[in-house]
Protein chains: 2
Amino acid sequence: MKFIDYFNTSIDSGIWKEKQDLNRATTIYSVYDRFKETGRFDAFKCDWKEGMPFKPHIFWDSDIAKWLESVAYLTKTKREKELEVIVDKTVDLIEKNQDENGYFNIYFTVVEPDKRFTYRSHHELYCAGHLIEAAVAYYNATGKRKFLDLMCRYVNYIEQRFIINKDTAFTAPGHEEIELALIKLYECTGEKRYLDMSKHFVDIRGTKEDIGGKRYDQSDKPVRQQTTAEGHAVRAVYLYCAMADVAYYTGDKELENACVRLFSNIVNKRMYITGGIGSSSVGEAFTVDYDLPNLISYTETCAAIGLALFAMRMLRLDNNSVYSDVIEKIIYNGFLSSLSLDGKSFYYENPCEIIPYLHYRDVSYNDKNRALPLPKTLRSEVFDCSCCPPNITRFIASIANLIYTADDDTVYVHQFIQSKTETVIGGKKITLRQLTRYPENGKVRIKVSGGNVRLAVRIPGWYDGAEYKTEKGYAYFEVADGQTLEFDFKMKVKFIQARPEAVFDAGRYAVTRGPVIYCSESVDNGANLRDIRIDSKAKFSYGKNEALGVPSLKVKAYRTAVNDQTPLYSEKNNAFAEFNAELIPYYAFANRGESEMLIWHLVK
Amino acid sequence: MKFIDYFNTSIDSGIWKEKQDLNRATTIYSVYDRFKETGRFDAFKCDWKEGMPFKPHIFWDSDIAKWLESVAYLTKTKREKELEVIVDKTVDLIEKNQDENGYFNIYFTVVEPDKRFTYRSHHELYCAGHLIEAAVAYYNATGKRKFLDLMCRYVNYIEQRFIINKDTAFTAPGHEEIELALIKLYECTGEKRYLDMSKHFVDIRGTKEDIGGKRYDQSDKPVRQQTTAEGHAVRAVYLYCAMADVAYYTGDKELENACVRLFSNIVNKRMYITGGIGSSSVGEAFTVDYDLPNLISYTETCAAIGLALFAMRMLRLDNNSVYSDVIEKIIYNGFLSSLSLDGKSFYYENPCEIIPYLHYRDVSYNDKNRALPLPKTLRSEVFDCSCCPPNITRFIASIANLIYTADDDTVYVHQFIQSKTETVIGGKKITLRQLTRYPENGKVRIKVSGGNVRLAVRIPGWYDGAEYKTEKGYAYFEVADGQTLEFDFKMKVKFIQARPEAVFDAGRYAVTRGPVIYCSESVDNGANLRDIRIDSKAKFSYGKNEALGVPSLKVKAYRTAVNDQTPLYSEKNNAFAEFNAELIPYYAFANRGESEMLIWHLVK
């Protein structure tokens with residue numbers, strides 16, 4: 001099984017075309033401007049000295065690296081000379097300031113050069129990993145080797161220190177990332193040494209040789225023994241990506257089984273309905289099974305992205321729609337929520353519920369927002385720890401990576417996105433044309449040309465129709481050259497319930513239509529959303545929220561009828577006032593100022 | 001209108017008899033032992049020096065003072081020589097260590113003697129107030145004047161510094177208490193000077209002359225202009241007590257109106273159904289209207305006590321059952337919950353919901369219970385800030401204070417507690433005999449002897465019967481000597497709803513029977529209480545929880561039916577498993593180890 005790279009696919013209509021255009025026209029520049037203003041780009045000059053502004057932070061290299069990687073993806077599909085110049089200048093600065101031995105890290109060059117490789121949580125290998133990913137992407141996009149060569153030098157140095165000399169103060173990085181980056185370097189160069197290095201870092205993790213390991217960074221036990229997703233959620237899923245990669249390339253069944261267990265633990269017990277993961281702000285971490293409080297969800301954007309990347313790698317091991325269904329859930333919900341509709345601002349934490357007053361409740365103490373670990377009500381253009389914005393730009397720019405995989409005779413269709421794809425199957429150059437307005441509706445046409453091919457098409461997990469015979473969630477079709485497959489995955493509006501262990505959802509229901517989760521906002525529905533009851537027998541009308549330009553669902557609903565004289569507490573009386581509620585896609589919330597937002601509704 | 005003191009009433013059966021016996025036999029000694037162990041009693045020797053253990057804290061005087069006051073109440077109704085000896089020894093130490101000028105405070109004698117009266121939040125006047133209350137109570141109980149005289153000397157000094165010289169660094173105390181204590185001193189001695197002092201402290205608060213005032217300590221504006229209950233909840237209600245007292249003795253209608261407004265704001269917008277107040281652990285404070293999240297309720301015991309004391313004072317201004325209904329709500333729920341059934345341990349914060357795993361969710365980070373301001377799941381025997389335990393002992397010992405008030409021709413019956421009371425009405429010595437098992441049932445007989453008298457009997461706010469003509473919630477009866485009034489306030493089990501603004505209760509219902517709020521615990525009902533649905537049409541059976549020896553309500557209920565294969569999220573399916581739920585009085589929760597606890601239930 002192989003991936004089909006984003007650049008073999010052109011997305012030409014629909015929501016992802018819009019997001020990709022926005023990314024190209026706005027978001028990439030917005031992230032650049034904020035990074036420029038905050039000194040992150042100039043930091044690559046490595047001329048900071050004590051007393052100067054913009055003291056580099058230990059993970060700034062990675063912020064810029066993800067931006068560089070984003071530019072690579074953009075420029076591969078359509079040349080962006082202005083952006084390419086910025087990349088080249090940055091690469092020149094890396095070249096200029098790279099140590100003779102190959103080491104490169106801004107912070108540990110200008111701030112604490114004597115602290116190189118002394119502490120597992122210093123993010124050096126994390127930064128290295130993102131630089132490697134960027135270098136690989138840029139080489140693939142432009143054919144320019146310089147960045148890649150610089151990073152290969154750095155990797156050689158890392159190998160020397162960590163694997164040959166073993167003279168570093170730690171053995172596995174506190175923040176995983178280099179493991180999956182080394183796989184990309186292996187895939188790009190074909191050098192097995194990089195695969196071995198990745199395997200080395202995966203294998204040593206949590207063993208007796210691994211110094212300072214904690215559950216927080218997934219190193220309290222060897223990875224093959226891990227059964228539950230623990231610790232910092234982004235670190236965890238980045239590790240799991242590499243584990244799945246190593247299992248794929250080495251055929252290591254034990255490692256694959258660990259991946260299956262960890263994925264299952266996440267999606268069955270530790271994932272919000274949005275696909276968001278990492279419930280707690282303490283350690284940005286997974287917590288315990290079924291701990292999914294909506295109001296204080298942490299659900300970092302990078303973690304949702306990482307889970308999608310992990311799921312995509314699992315598809316390479318086992319073509320099973322448990323993985324592609326989760327990818328779909330993430331891209332239309334817990335990932336897409338991270339970007340404002342204008343493409344300029346971002347959520348780091350993606351709230352699963354918003355009650356604005358809770359941010360201002362401690363007025364008596366003049367101590368705002370201290371008591372509760374609430375995610376922000378509105379998106380920001382940049383963060384002190386700004387890992388998410390450039391992760392969003394690179395993920396959108398390369399989202400076509402998620403649509404297909406293929407093996408010798410079959411193309412696996414995971415996501416429904418209008419696009420044209422070319423790939424070689426069994427020696428024949430096959431063109432796949434997807435025509436669809438998904439997720440506006442579930443009509444999908446897939447035309448094959450260039451030869452006969454087998455298509456394995458994911459039947460969405462949310463779809464009720466029983467007309468397809470499936471194997472692990474996929475329907476298989478022998479498609480002749482020139483033939484078009486047609487699907488109509490009828491999208492019913494559904495009420496979704498959670499298992500009773502997810503107590504914060506108890507007695508409440510999420511409204512979904514196809515893969516899209518809907519939410520209510522007080523700007524449309526008035527205050528006290530938790531009190532509104534959606535009429536469970538009423539018909540939803542699917543239309544448009546004019547203010548936002550996004551789909552909406554209108555439905556009859558009720559709220560508790562009270563007047564000024566109604567006491568705070570009174571006997572249950574079943575008096576309700578009817579009104580017309582309007583729900584919008586979860587991904588579109590918080591685009592009209594601060595507002596209540598609710599996913600889990602009462603019904604009546 | 002006058003109060004009828006606790007010592008004119010002997011409670012001889014029922015729940016309060018049990019609690020008073022427990023208080024006398026166990027709780028008073030439990031608090032003593034813990035205070036002795038933690039150096040609080042020995043601190044009165046004032047011989048602590050740097051490097052010694054048990055460094056006094058600025059509010060230790062008040063912890064002991066409330067214990068001394070408790071002993072006074074106990075010994076007045078039945079001599080407790082052993083305890084009296086401890087009081088006398090403590091008073092001797094106060095005498096020995098009181099400054100020549102009358103000042104007394106342990107901390108500002110042995111730790112920072114140069115900081116006397118330099119900072120409004122140093123609790124000096126708060127400690128003074130509690131010592132005054134104790135001295136008054138001890139004098140009333142024993143006739144021994146020494147303690148009272150010592151405190152009068154201290155009050156003279158306070159008057160000299162704060163009112164005559166005006167040479168202190170602040171003008172009003174950061175923690176109110178002395179204001180209401182001065183009223184008690186006035187009532188005890190008849191010296192109007194003390195009333196004037198109380199009025200002075202009440203009046204200066206929040207004015208331009210009041211230095212360092214904040215909303216946190218109710219001094220952002222003059223008290224007559226305050227319309228919402230703000231800041232530290234205990235401080236607030238102690239202030240309001242004094243405001244009501246001053247209004248009562250001076251006839252100050254503006255001040256009375258402020259009290260009416262503040263009381264109304266609390267009970268209509270800022271009070272949990274348990275009678276608990278102060279939603280936030282940040283500043284132990286009131287927050288904003290309708291902010292009543294159950295899981296993170298702060299609801300300090302002292303605040304509930306203070307609200308009952310405030311309500312009692314409001315009854316002296318206006319005989320209205322809005323006040324006495326709240327007292328009833330507090331004493332059977334949010335106050336009574338503070339004491340373990342064995343009488344040995346205490347809640348400082350009284351949880352309005354418990355989900356134990358939330359205390360341990362941040363396992364990945366090894367950082368227990370940091371993220372969420374959750375109240376403790378179990379009671380403790382002592383706290384670093386241990387204001388609540390001796391407040392509980394004194395409140396229970398003097399709970400008969402809450403039963404009656406009287407004026408020249410009428411006795412007002414506020415609470416239904418089996419007891420015998422003697423009081424003088426219109427020159428006649430009247431005996432009131434209450435026979436009741438309240439709140440086990442609502443049958444109450446009140447026999448009058450010694451003369452004819454008018455009785456005003458509170459018709460409980462929870463009672464549905466319409467057979468009584470009431471004025472402000474009271475039914476009036478002309479009762480002849482020897483006559484017995486009989487009532488039968490039939491206790492239906494009710495579902496109570498909250499206003500929709502109290503969003504954390506939305507779609508859920510509290511179960512009550514008479515004044516008692518019932519809750520479920522997972523020890524009786526299994527896990528995931530938020531998911532259980534009480535059958536709203538089923539009959540509750542009233543019986544006993546055998547393990548606890550408290551009443552219980554059994555009822556048909558349902559929980560979401562799932563099996564191991566049920567996904568975390570699935571389409572609404574209305575599959576439920578029936579079971580028999582058992583609810584216990586809220587006050588009895590958390591007496592069988594750590595358990596989920598829920599007040600607000602789903603119904604079906």
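**View 1. Tyr474(B) in strand E10(B) is the bridge partner of Arg458(B).** This is a predicted model, in which local features need pLDDT of at least 70, side-chain atom pairs count only at pLDDT 80 or more, and totals for chains, interfaces and linings use all residues. Residues are numbered from 1 along each chain as its sequence is written, while chains are lettered from A and ligands numbered from 1 in the order in which they are written. Strand E10 of chain B covers residues 474-479. E9(B) and E10(B) pair in the antiparallel sense over six bridges. Strands pair here if DSSP finds at least two bridges between them. Strands (E, at least two residues) and helices (H or I, at least four) are DSSP runs, numbered from the N terminus.

**View 2. Strand E9 of chain B, residues 453-458, is largely enclosed by the rest of the structure.** Why is E9(B) described as largely enclosed? Five of its six residues are buried. A buried residue has 20 or more other C-beta atoms within 10 Å of its own, an exposed one has 12 or fewer, and a partly exposed one falls in between; C-beta atoms are placed from the backbone. Strand E5(B), residues 410-413, runs parallel to E9(B), joined by four bridges. Here Val411(B) has Leu455(B) of E9(B) as its bridge partner.

**View 3. Strand E13(A) meets strand E18(B) across the two chains.** The two pair in the antiparallel sense over three bridges. E13(A) spans residues 493-498. Gln497(A) stands opposite Ser570(B) in E18(B).

**View 4. The contact takes 56 residues from chain B and 56 from chain A.** Residues are in contact if their C-beta atoms, placed from the backbone, lie within 7 Å. On the side of chain B that touches chain A, the elements giving two or more residues are helix H10 (253-269) and strands E12 (493-498), E17 (550-560) and E18 (569-571). E12(B) gives the most, with five residues. 98% of the interface residues of chain B are also interface residues in chain A, so the copies meet through the same surface.

**View 5. Chain B superposes on chain A by a rotation of 180°.** The shift along the axis is 0.0 Å, and the RMSD is 0.0 Å. The two copies are thus related as by a two-fold rotation axis. Copies are superposed by least squares on the C-alpha atoms of residues with pLDDT of at least 70 in both. Which residue of chain B comes closest to the rotation axis? Leu372(B) does, at 3.2 Å (C-alpha).

Key:
Contact = placed C-beta atoms within 7 Å.
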